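The following exercises are to be worked with the sequence and the model in view. Each task is followed by a stepwise solution.

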Amino acid sequence: MRVVSGIQPTGNLHLGNYLGAIRNWVRMQDEVGREGGQCLFFLADLHAISMPHDPAELSANTLGMVAALVACGIDPERSILFNQAQVPAHAELQWLLNGTARIGWLNRMTQFKDKSGKNREGASVALYTYPVLQAADVLLYQATHVPVGEDQKQHLELARDIAQKFNHDFGGGEEIFTLPEPIIPPESARIMSLRDGTAKMSKSDPSEMSRISLSDDADTMMRKVKKAKTDPEPLPSEPGGLEGRPEAVNLVSLYGALSGRSVQSVLDEFGGQGFGAFKPALGELLIETLGPITQRFTELKADREALDAILARGAAEAREIGRPTLNKAYRALGLVRG
Ligand code: TYM
């Protein structure tokens, strides 16, 4: 079992990242500890330059995200934690895979369509080839499992397609790359914005009120939950009664995901009550769950030296693990390297 996943160090870690991905990273770290195997988690700083960015902010956010991941429970003694920029094999393998990835495949990627919007011609080439780098990220380490939120599923399907075609075209009967399996939590695959139940909670939403961030204090969290968009109806007693009410679905699902309870069980308790009663209960639960993480995050963030050391050590280990696969890929393509 080789678990690999990444997060872009743009902005603060938010509740969607935590419930959609990072909580599963921590669970899988524990599972790997029991059953053998390895976890590699990285900051996708190379991906972050695909959108306009401020260099000083990117390096500060990279270190901030290390602190956030450790605060969430990623243990650098048990998992390999690093940033892509210190492992050149990610960019090298991307180039090698560019020969296999098809333009038609990339044209179908919905994230590129969303992020480039109406300005396709003005989007960076990096934004377009972004999913090939993501394929390199996991194939380099022969990942077997990739814990992500629902929005990354299409990118992982592409990684599997690239691996399959590369193995077929250049493997000579040998499997050069392992086909990775996405691990998506059913109860929190897609956490939605607090301002719009039809849009995903995202670091790029201009409104801070749309998301709960790990850097929010308890008062801010409660205020954001209380201000969350809702409808005037009370909560139903059955999940069917949530149909056509995206904001209500989102808040009830959040309560379920945070408490480990099903939607039905949450409605058994709150059915018939209005949001005036439900929102403070959700806010309390949120503060109870994220409070200790937020506190650790604030402490860790202050120790720049420790954060640099975690990344340097993780990167050295990642470089070692990735080397044989990268060499194999060069050789398979007939590229002569001394
Ligand atoms: P990123 O940085 O946007 O998000 C990190 C992780 O959080 C999940 N996520 C969500 N899950 C549920 N609800 C949400 N609202 C929500 N928002 C984000 C994402 O699915 C992701 O798992 N391209 C990736 C980073 C990446 C990567 C990789 C991931 C680069 N290389 C290789 C896995 C494997 C990204 O931008 O995630």
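Domain bounds are taken from an automatic or database domain assignment. The model is predicted: local features need pLDDT of at least 70 and side-chain atom pairs count only at pLDDT 80 or more, while totals for chains, interfaces and linings use all residues. Residues are numbered from 1 along each chain as its sequence is written, and side-chain values use heavy atoms, with hydrogens and water left out.

**Exercise 1.** State the domains of the protein chain and describe how they are placed.

Solution. Step one: the assignment gives domain 1 as 2-189 + 304-332 and domain 2 as 208-300. Step two: the C-alpha centres of domain 1 and domain 2 are 30 Å apart. Step three: with contact taken as heavy atoms within 4.5 Å, 16 residues of domain 1 meet 14 residues of domain 2.

**Exercise 2.** Determine how the axes of helix α10 and helix α11 cross.

Solution. Step one: helices are DSSP runs (H or I, at least four residues) numbered from the N terminus; α10 spans residues 246-259 and α11 residues 263-270. Step two: axes are lines fitted to C-alpha atoms, for helices over the stretch in contact, with angles from 0 to 180 degrees between N-to-C directions. The two axes come within 9 Å and cross at roughly 105 degrees. Step three: α10 is therefore roughly perpendicular to α11, a class covering 65 to 115 degrees. Step four: Val252, Tyr255 and Gly256 of α10 make the contact with Val263, Val266, Leu267, Glu269 and Phe270 of α11.

**Exercise 3.** Describe the surroundings of Val66 and of Gln134.

Solution. Step one: Val66 belongs to helix α3 (residues 55-72) and is buried, at 0% relative accessibility. Beyond neighbours within four places in sequence, Val66 contacts Leu43, Leu81, Leu307, Ile310 and Leu311. Step two: Gln134 is part of helix α7 (residues 125-139) and is buried, with a relative accessible area of 12%. Residues up to four places away in sequence excluded, Gln134 touches His47, Gln152 and His155.

Note on methods
Helix = DSSP H or I, 4+ residues; strand = E, 2+ residues; numbered from the N terminus. Parallel < 35°, antiparallel > 145°, perpendicular 65-115°, else oblique. Buried < 20%, exposed > 50% of the residue type's maximum accessible area, 1.4 Å probe, protein only.
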